[in-house]
Amino acid sequence: MYLSLLSTSYFCIFSYTLNLKLLSWEVKSLGTLLCVFVPYNLASHLLSQLTQVKIHETTLWQWVQEAGERSRQIWQERLQASEVPIEAMSLEIAQLMMVLAADGVMVPFRPTPGTPKGKTIWREVKIGVIARLQEVKTAAGKLYTRLAQRRLVAVLGDVEALKQRLTWETKHQGIETAPKVVWLSDGGVGFWRVFRECFSRCAVGVLDFYHAASHLNKAAHAYLHNDSHGAKLLFEAWRHLLRHGKHLLVLQSLTRLVNVAELPKDQMDALEQVQAYFATHREHIAYANFETEKFPLGSGLVESACKWLIQQRFKGVGMRWSESGFENLLYLRLEWVNNRFDSLFPPFALVPPQP
């Protein structure tokens, strides 16, 4: 009888301890995840409402730093590995066209660690998107294109750091077996260097059409700086030619103006800059051919990623970040976007503790 009661007591104590561990693991995972989406004080309030467990925002901040450091270590191990495994995906997804895109967005930082005082410092976060383009039919029978198997990389650093992560992620997504690969970007020199060094052998480079058109608008107003209506008409004519397969005629027109036009220095410098821009990207502006191949012509997919990945969380009213605080939270947002967040919180509480 005594042994039976003692055994029951030990079992109850063990079960209670296990439940506490499980609760701690679940609360920590959920609290950290809430911080991925909302500010720490709001995450603390939501966690209390959802679980009836009150966790102070400073504790949530510490959880984010711990999980962010784990994610950082995982990325270091990925980049140091000799082989890159291919992520599991369906055969249908694997046979779709792959699109790569890169862009940057500015984020406000504190000038001095540990204090909010001082003038805001703006630094660029570089973002890369890897996705498959999938045609989907609506209920009305219309086709539209959406992103499938979307994965993101982002760094607070130079282009070289982005290149390393982008190279790893594209291999992880099976770039070597993709039927077609397209690179999309605006005219950023660093991003196109990444294209030349890493993807030009297997991808077609496409200069964002809307950025190209904005440069034509700049050139038209530089040439006809005293005639706004004439500049508008010239821009529309150039844009039409560019869009419908006459991109070389646009480049020839710009080259001729650079050689024969007599303009003030500011206008001439602007015209020469645009001409050099199109000469550099002459292979990336054949938009009529790209449309025939069903390539995307605009980099809106990465621009939208900049908005919801960075701006919605890191550019709220009054927000300014320390470098470590920003990077750890960014790592976690990327893990969530890429469907890898749960791996940071393995259910170790389900394993009975050793005696």
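This is a predicted model: local features need pLDDT of at least 70, side-chain atom pairs count only at pLDDT 80 or more; totals for chains, interfaces and linings use all residues.
Two packed helices are described by the angle between their axes and the distance between the axes. Helix α2, spanning residues 40–51, and helix α3, spanning residues 57–80, cross at roughly 105°, and their axes come within 8 Å. Because angles of 65 to 115 degrees count as roughly perpendicular, α2 and α3 are roughly perpendicular to each other. On the α2 side, the contact is made by Tyr40, Asn41, Ala43, Ser44 and Leu47, and on the α3 side by Glu57, Leu60, Trp61, Val64 and Gln65. By class, this contact of α2 with α3 has 6 nonpolar, 3 polar and 1 charged residues.

Helix α3 also packs against helix α13. The axes of α3 and α13 cross at roughly 70° and come within 8 Å, which makes α3 roughly perpendicular to α13. The crossing of α3 and α13 is left-handed. From α3, the contact involves Val64, Gln65, Ala67, Gly68, Glu69, Ser71, Arg72, Trp75 and Arg78, and these residues meet Ser324, Gly325, Glu327, Asn328, Leu329, Tyr331, Leu332 and Glu335 of α13. In terms of residue class, the contact of α3 with α13 has 6 nonpolar, 6 polar and 5 charged residues. Val64 and Gln65 are among the α3 residues in the contact with α2, and Val64 and Gln65 are also among those in the contact with α13.

A further helix pair is formed by α5, residues 159–172, and α6, residues 189–199, which pack at an angle of about 45° with their axes 10 Å apart. That angle makes α5 oblique to α6. The crossing of α5 and α6 is right-handed. In α5, Val159, Glu160, Leu162, Lys163, Leu166, Thr167 and Thr170 meet Gly190, Phe191, Arg193, Val194, Glu197, Cys198 and Phe199 in α6. By class, the contact of α5 with α6 has 7 nonpolar, 3 polar and 4 charged residues.

The largest nonpolar core has 103 residues, and those with the most contacts inside it are Val125, Trp183, Phe199, Phe278, Tyr287, Ile310 and Phe326. Strand β1, residues 97–109, contributes the largest share of this core, with 9 residues. Phe199, one of the residues with the most contacts in the core, lies in helix α6. Because buried means under 20% relative accessible area, Phe199 counts as buried at 2% relative accessibility. With residues up to four places away in sequence not counted, Phe199 touches Leu100, Leu166, Thr167, Thr170, Ile175, Trp183 and Val194. Leu166, Thr167 and Thr170 are among the α5 residues in the contact with α6, and Trp183 is itself one of the core residues with the most contacts. By contrast, the C-alpha atoms of Phe199 and Thr51, residues 148 positions apart along the chain, are separated by 47 Å.

Two residues were also examined for their backbone angles. Most residues other than glycine have a negative phi. Gln149, although not a glycine, has a positive phi of about 50°. Gln149 is found in strand β3, residues 143–155, and is buried, with a relative accessible area of 18%. Asn339, also a residue other than glycine, has a positive phi near 60°. Asn339 is found in the segment after α13, the helix of residues 323–337, and counts as exposed at 62% relative accessibility. Thus the positive phi of Gln149 occurs at a buried position, whereas that of Asn339 occurs at an exposed position.

How values were computed:
Residues are numbered from 1 along each chain as its sequence is written. Side-chain values use heavy atoms; hydrogens and water are left out. Axes are lines fitted to C-alpha atoms, for helices over the stretch in contact, and angles run from 0 to 180 degrees between N-to-C directions. Helices (H or I, at least four residues) and strands (E, at least two) are DSSP runs, numbered from the N terminus. Angles under 35 degrees count as roughly parallel, over 145 as roughly antiparallel, 65 to 115 as roughly perpendicular and the rest as oblique. A crossing is left-handed if the near helix is turned anticlockwise from the far one by less than a right angle, and right-handed if clockwise. Contact means heavy atoms within 4.5 Å. Ala, Val, Leu, Ile, Met, Phe, Trp, Tyr, Cys and Pro count as nonpolar, Asp, Glu, Lys and Arg as charged, and the others, Gly among them, as polar. A nonpolar core is a set of buried Ala, Val, Leu, Ile, Met, Phe, Trp, Tyr and Cys residues joined through side-chain atoms within 4.5 Å. Buried means under 20% relative accessible area, exposed over 50%, partly exposed in between (1.4 Å probe, protein chains only).
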